[in-house]
Amino acid sequence: MSSIIENLEKQYLNKEVADVNPGDTVKVFVRIIEGNKERTQAFEGTVIKKRGSGINKTITVRKIFQGIGVERVFALYSPRVEKINVLKRGDVRRAKLYYLRNLSGKATRIKEKIEKRG
């Protein structure tokens, strides 16, 4: 039974997905259907949560829009998600950044991870 499910999931796991971690600032491009038209919409924010494994892997992205916090959950292997661009790598010390929900303004800044060259 589980081998049948694994074979089905392998078809969808071949999609190339960026390596995303909590604290990263990302831009997620999502396909949206409005009536009979289809367009791509970008959602830019900070990854506050990463969960699941395999085809069920999701990320929660948070942004502030007109003074209100907006969170959206994206399934990484969904056909609706076109691509994910990592704009900044965040240097955080925990896996879930729920504390950002209680902060506002400059207090929500996250240190940027400095990558080594070589």
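Which strand gives the largest share of the lining of the largest pocket? The legends below take up this point and then turn to salt bridges in this predicted model.

**Figure 1. Lining of the largest pocket in the predicted model.** Strand 3, residues 58-65, supplies the largest share of the lining, with three residues. In total, 17 residues line the pocket, and its volume is about 360 Å³. Nearest the centre of the pocket lie Thr25, Thr46, Thr108, Arg109 and Ile110. By residue class, the lining comprises seven charged, seven polar and three nonpolar residues.

**Figure 2. Salt bridge between Glu44 and Lys27.** The closest N and O atoms of Glu44 and Lys27 are 3.9 Å apart. This pair links distant parts of the chain, since Glu44 belongs to strand 2 (residues 37-51) and Lys27 to strand 1 (residues 25-34), 17 residues apart. Glu44 has a relative accessible area of 37% and is therefore classed as partly exposed. Lys27, with a relative accessibility of 27%, likewise counts as partly exposed.

**Figure 3. Salt bridge between Glu71 and Arg62.** The closest N and O atoms of Glu71 and Arg62 are separated by 3.0 Å. Are the two partners buried or partly exposed? Arg62 has a relative accessibility of 13% and counts as buried, because the limit for that class is under 20%. Glu71, at a relative accessible area of 28%, is partly exposed.

**Figure 4. Salt bridge between Arg101 and Glu71.** Arg101 lies in the segment after strand 5 (81-88), whereas Glu71 lies in strand 4 (residues 68-75), so the pair ties together parts that are 30 residues apart in sequence. Arg101 is partly exposed, its relative accessible area being 40%.

**Figure 5. Network of Arg31, Glu38 and Glu82.**

Notes: Residues are numbered from 1 along each chain as its sequence is written. This is a predicted model: local features need pLDDT of at least 70, side-chain atom pairs count only at pLDDT 80 or more; totals for chains, interfaces and linings use all residues. Side-chain values use heavy atoms; hydrogens and water are left out. On a 1 Å grid over the protein atoms alone, a cavity is a set of points where a 1.4 Å probe fits but cannot get out, and a pocket is an open set with protein on both sides within 12 Å along at least five of seven lines; lining residues have an atom within 4 Å of a point. Grid points are joined across faces, edges and corners, and a volume is the space filled by probe spheres set on the points. Helices (H or I, at least four residues) and strands (E, at least two) are DSSP runs, numbered from the N terminus. Ala, Val, Leu, Ile, Met, Phe, Trp, Tyr, Cys and Pro count as nonpolar, Asp, Glu, Lys and Arg as charged, and the others, Gly among them, as polar. A salt bridge is a side-chain nitrogen of Lys or Arg within 4 Å of a carboxyl oxygen of Asp or Glu. Buried means under 20% relative accessible area, exposed over 50%, partly exposed in between (1.4 Å probe, protein chains only).
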